[in-house]
Amino acid sequence: MEYIQQLFEQIFGTEWGAMLFVVAKNVTLIFAIVMPLLIGVAYLTYAERKIIAAMQIRVGPNRVTFFGISWLRGWGQPIADAVKAMMKEIVIPTGANKFLFILAPIITIAPALAAWAVVPFSAEMVLADINAGLLYILAMTSLGVYGVILAGWASNSKYAFLGAMRSAAQVVSYELAMGFALVCVLMMSQSLNLGDIVNGQQGDSMLNWYLIPLFPMFLVYVISGVAETNRAPFDVAEGESEIVAGFHVDYSGMAFTVFFLAEYANMILIATLTSLMFLGGWLPPLNIELFNMIPGFVWLLMKIAFVLFCFLWFRATFPRYRYDQIMRLGWKVFIPITLVWIFVLGGIMQLPESTLELFPLNIWF
């Protein structure tokens with residue numbers, strides 16, 4: 001890396017060379033994050049169809065392949081879906097606000113991608129290691145709801161608008177519970193930096209992970225993440241009495257595909273944050289030589305895959321909630337539980353060290 005920087009400085013001069021090197025480095029890192037993420041989004045759709053098919057004793061996609069290789073049957077399906085979406089026409093309704101109609105998918109996908117700027121993939125692999133990383137994540141994930149509202153309003157359709165109102169109310173409600181759950185993580189780690197939060201879970205075993213002392217907050221965060229991404233059983237954007245797709249009912253072609261990408265990108269983001277906040281991030285479950293030989297990035301990927309599998313498992317298992325049940329769960333169950341847990345956690349943290357040593361609490365505090 002230093003050699004490349006010196007090469008830039010020799011070609012463009014010391015001042016311009018250093019500046020252009022930083023720009024080139026950041027652009028390269030952005031592509032290194034975004035391209036695998038988009039590929040992961042594409043094949044998460046394939047994994048969803050295959051896993052749910054297996055749970056329901058079906059086959060799933062098993063035809064589209066690469067170059068006729070028989071054992072890759074089905075693996076070409078996400079690529080075929082992407083090509084089909086790009087070939088479709090984007091139809092804009094006559095009475096729609098064209099500018100906002102096109103802007104809404106962009107506002108939805110942009111925060112889902114921008115949030116990855118501060119996500120650490122290992123102790124050294126992070127694009128922007130800022131101290132307020134957790135605050136930045138909360139800000140970015142909160143912006144996506146504006147795209148949902150604009151999509152429903154700009155379509156000039158009452159069904160799309162009703163779907164947007166349902167989705168927006170649901171997202172806002174469960175963001176509060178998710179935020180309070182992360183406040184508990186903040187209190188445990190005493191830092192807003194995601195790397196510091198993971199390092200605070202270091203120890204001899206997974207007993208040091210925040211999953212153990214904050215297990216109720218872990219459940220609240222995961223379930224709220226399912227609700228915030230409008231995934232089953234919380235997919236009430238599609239009304240029971242309406243045979244429409246909710247706020248994006250009037251979208252087609254790549255405009256619809258962008259909403260689709262945003263949903264799955266948010267799923268991967270929430271699975272990643274769950275792994276970092278509660279499951280030790282890139283730390284192995286046991287601090288032994290065999291597990292330490294595996295790179296931390298691989299441990300993080302395995303934890304993300306497990307959380308995503310739970311997302312898909314929920315969709316294949318649970319029936320859809322009624323809208324009033326969803327609102328009751330968010331406002332009357334999750335938010336009170338998180339507030340009580342914050343109060344209890346604050347009380348425990350104020351106990352003297354001599355008291356904490358009498359109980360297993362001294363592992364975490």
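Which residues do ring pairs link into a cluster? In this predicted model, select Phe-101, Phe-247, Tyr-251 and Phe-259, and you will have the cluster that the ring pairs join.

A search of the whole structure finds 19 aromatic pairs, and two of them can be visited next. For the pair Tyr-43 and Trp-75, the ring centres are 5.7 Å apart and the planes stand at 35°, so the pair counts as tilted. Colouring by element shows that this pair links distant parts of the chain, since Tyr-43 belongs to helix α2 and Trp-75 to the loop between α2 and α3, 32 residues apart. Trp-75 is partly exposed, at 41% relative accessibility.

Phe-309 is partly exposed at 31% relative accessible area, and Trp-313 is partly exposed at 43%.

Now select helix α3, residues 77–87, where the buried residues are Gln-77, Pro-78 and Ala-85. They lie on the same side of α3, because they cover an arc of only 100° around the axis. These buried residues pack against α2 (14–55) and α9 (253–278), whereas the face turned away from them carries the exposed Met-86 and Met-87.

Finish on the surface, by selecting Trp-16, Met-19, Val-23, Val-27, Phe-31, Met-35 and Leu-38, which form a nonpolar patch with about 670 Å² of accessible area together. Trp-16 lies in helix α2 and, at 54% relative accessibility, counts as exposed.

Notes. Residues numbered from 1 in each chain as written. Predicted model: local features only at pLDDT ≥ 70, side-chain atom pairs only at ≥ 80, totals over all residues. Heavy atoms only, no water. Buried < 20%, exposed > 50% of the residue type's maximum accessible area, 1.4 Å probe, protein only. Helix = DSSP H or I, 4+ residues; strand = E, 2+ residues; numbered from the N terminus. Arc of directions from axis to C-beta. Contact = heavy atoms within 4.5 Å. Patch = residues over 30% accessible without salt bridge, like charges linked within 9 Å, V, L, I, M, F, W, Y side chains within 5 Å. Areas by Shrake-Rupley, 256 points an atom, 1.4 Å probe, with all protein chains shown as cover. Salt bridge = Lys/Arg side-chain N within 4 Å of Asp/Glu carboxyl O. Phe/Tyr/Trp six-rings, centres within 6.5 Å; stacked < 30°, edge-to-face > 60°.
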